[in-house]
Amino acid sequence: MNGLERLEFRDVARGRALQERLDQRLSESNQTVTVMHVCGSHEQAFARYGLRARFPKALQVQMGPGCPVCVTDAPEIDRAVALAERGYRLLTYGDMLRVPGANTSLADARAGGARVEVIYAATQAAEIARGTREPVIFFATGFETTAVATAAVLLKDPPANLFVLSAHKWVPAAMEVVASSPETTIQGYLAAGHAATITGYGLFEAFVARHQRPVVVAGFEPLDILSALLLLVEQVLAGKAEVVNAFPRSVSQAGNQRALRALFRVFQMGDGDWRGIAHVPGGDLCLSSAFAAHDASVQFSADLDAAPRRLPRADAAQCRCGAIMTGRLTPKDCGLFGSSCRPDTPVGACMVSTEGACRIWYEHGQHEVSA
Amino acid sequence: MTNSSDPPEGRVRLAHGAGGRAMRELIESVFLEGVSDPEARAMGDAAALPLGDRFLVVTTDAHVVMPAFFPGGDIGRLSICGVVNDLAMAGCCDVLALTSSVIVEEGYPIEALRRIHRSMQLACVEASTKIVSGDTKVMQKGEIDGVVLSTSGMGLADRVIRDSGLEEGDAIIVTGTLGDHGLAVLSARHALGLEGALRSDVAPLNGLVRAVLARAGSELHAMKDPTRGGVTSALVEMAEKARVSIVVDAQSLPMSDAGRAAAEILGIDPLMVANEGKALIGVARGAVDSVLAELRAHPLGAQAACIARVQRGVPGEVMLDTGFGTRRLVERDDTPLPRIC
């Protein structure tokens with residue numbers, strides 16, 4: 001077969017069969033089911049394959065805090081900007097460049113002459129540091145998936161001039177916040193297959209027991225997602241709350257133990273503010289004291305303290321990223337979406353990241369889906 | 001966002017060169033200011049000026065590509081093919097002559113310039129044309145990144161094809177696999193070490209287009225080459241200009257195995273990626289089979305496929321039918337791949 005989608009997990013006929021079963025279950029039950037995914041890659045897959053256009057009307061799939069770029073808080077961006085503006089060489093992942101801090105971004109800082117460089121892998125940061133004597137600061141972002149990569153670099157004889165400014169986050173902590181919210185209407189959770197590959201699906205067992213809501217671990221191909229949604233909806237309709245691994249070709253019960261050991265040798269959980277969401281206890285991955293020599297927040301604390309405080313831009317107050325990331329609103333409920341907030345002029349972080357709900361909806365025309 | 005130190009209208013951003021809306025806005029607000037000529041205001045890739053009962057078609061194109069040498073081509077080949085293809089898309093397949101300006105950085109290896117020149121000459125032979133005039137400038141080290149080429153071309157056409165000519169009921173054919181150029185350049189730029197046969201498709205299309213024009217005649221309604229911004233950007237522009245709607249069938253999009261693998265690994269939508277040797281051709285439904293047969297008989301059209309249909313719908317709307325659902329194809333306002341052509 002010719003075509004973009006000839007892979008086995010993109011088999012259209014099987015996909016249609018799953019869509020029909022999903023329809024059938026929901027229409028038989030005569031109920032509305034609301035579930036949440038907590039992964040930007042899932043929203044991307046929904047958008048890429050146009051899946052939302054064929055979701056049954058009785059199924060609401062809300063977007064959770066699943067984009068690491070989006071939940072990076074403005075003060076965290078401001079700290080990176082401050083170090084770059086003080087002349088330090090700053091490396092980061094491309095998605096972070098245009099994320100607005102209080103009133104400026106790393107891209108703005110770069111346009112103003114600061115040295116901000118994009119890297120594609122944490123290992124590049126160490127390579128760059130080895131090639132120079134000046135301090136190199138890696139503004140490290142992402143969930144447990146990329147945090148492991150940062151940890152691996154710091155465990156492998158890192159050059160003394162490499163410093164990490166960590167904005168890494170731990171997703172399960174944010175799921176806890178969402179599920180604990182008294183106003184939550186979420187009846188089940190679709191967990192991210194790549195993160196669960198690291199953490200193991202066993203991690204969700206305590207969560208399910210505590211909140212009595214099912215969790216299904218899902219992969220990212222259309223058939224992965226549709227079959228996981230079906231398993232999740234069936235549990236909700238049957239009143240069950242279990243952890244189901246619908247991505248067994250990658251995810252195990254215990255996860256990647258070696259990666260987890262590396263992660264927790266380098267990082268410790270700290271409480272932090274996630275942009276737009278709330279204070280998330282245990283949500284930030286901070287460098288442990290054993291790595292203080294490479295911790296930019298320790299080594300450059302004088303520079304960070306000396307940075308001017310920034311005031312938020314005027315329209316930031318209208319940004320609904322927080323409500324969108326906790327599943328209370330969709331991008332089109334935001335008055336800025338597609339008008340003053342666009343990928344080239346983002347107001348909120350959700351419009352910046354390729355994993356951000358607003359950006360995904362904008363670029364995949366989700367704002368004008370026709371069934 | 002702007003800094004307080006910024007000039008009132010802001011500064012040029014990379015998005016202004018990405019081929020999407022930001023670029024059109026810059027052109028309209030700066031370069032079309034005070035310009036009333038309708039041919040210029042049409043913002044086509046080439047302009048057609050009446051000359052007796054024929055048309056003189058002219059175009060110009062600047063090339064900055066990083067790296068200058070990439071799998072399947074180099075900046076020299078790109079500079080010739082870019083201009084030849086802009087002329088061909090307007091229906092001008094006999095390219096009378098090209099001019100070429102070279103701006104080069106102090107310290108640039110002369111051997112590299114020779115390589116670039118040789119590949120320009122080879123591309124001219126393939127396109128049956130020649131460079132008849134040129135200019136050379138050298139900038140101080142650091143004032144320009146390596147080498148920049150600017151090429152202009154002209155030729156005569158009996159009939160001018162526009163990218164605005166789609167009609168309801170038309171089918172859209174693409175002449176081969178999608179995304180190869182952008183993915184090959186991206187892979188080379190970042191030394192991603194992707195294995196396999198990922199190569200730029202950069203090639204002059206005037207021979208292929210001549211054959212199609214001869215076969216399809218007046219049943220060929222519109223043409224555009226999906227360069228910067230890829231198929232998405234090209235189709236959106238065609239749909240907007242013709243006030244029609246387009247539905248693309250994802251299952252029918254031709255891709256090379258290497259291109260598909262690279263797009264998957266890099267997480268890049270191949271529909272957003274530049275092609276430098278492909279054309280989108282809008283033809284009357286009844287002409288699809290004969291045009292496909294003509295294309296597939298040509299070495300540059302062997303993978304040609306019918307990928308979309310034109311319908312009334314919402315003017316300017318381009319939808320992708322994935323088989324699992326549908327979504328709208330929307331132009332990017334920034335570029336995932338700066339400086340690829």
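This is a predicted model: local features need pLDDT of at least 70, side-chain atom pairs count only at pLDDT 80 or more; totals for chains, interfaces and linings use all residues.
In soluble globular proteins, nonpolar side chains tend to be buried together.

Chain A contains 16 helices and eleven strands. Its radius of gyration is 21 Å, and the globule rule gives a close value of 21 Å for 371 residues; chain A is therefore as compact as a globular protein of that length. Taken along the principal axes, the box filled by the C-alpha atoms of chain A is roughly 65 × 50 × 45 Å. Of the 371 residues in chain A, 54% are buried. Among contacts in chain A with a separation of 6 or more, 77% are between residues 24 or more positions apart.

Helix 11 of chain A spans residues 222-238 and has 17 residues. The distance from its first C-alpha to its last is 24 Å, close to the 24 Å expected at 1.5 Å a residue. Twelve of the 17 residues are buried, so helix 11 of chain A is largely enclosed by the rest of the structure. The buried residues of this helix include Pro222(A), Asp224(A), Ile225(A) and Leu226(A), and also Ser227(A), Ala228(A), Leu229(A), Leu231(A) and Leu232(A). Val233(A), Gln235(A) and Val236(A) are buried in the helix as well. After helix 11 of chain A comes Gly239(A), which has a positive phi, near 70°.

In chain B, strand 12 (residues 305-311) is joined to strand 8 (residues 171-174) by four bridges, and the two strands run antiparallel. Within this part of chain B, Val174(B) stands opposite Ala305(B) of strand 12. Strand 12 of chain B is also joined by four bridges to strand 10 (residues 245-249), again in an antiparallel arrangement. Here Ser245(B) has Gln311(B), in strand 12 of chain B, as its bridge partner.

Methods:
Residues are numbered from 1 along each chain as its sequence is written. Chains are lettered from A and ligands numbered from 1 in the order in which they are written. The radius of gyration is taken over C-alpha atoms; the globule rule is 2.2 Å times the number of residues to the power 0.38. A residue is buried if 20 or more other C-beta atoms lie within 10 Å of its own, exposed if 12 or fewer, and partly exposed in between; C-beta atoms are placed from the backbone. Two residues are in contact if their C-beta atoms, placed from the backbone, lie within 7 Å. Two strands pair if DSSP finds at least two bridges between them. The expected span of a helix is 1.5 Å times one less than its number of residues.
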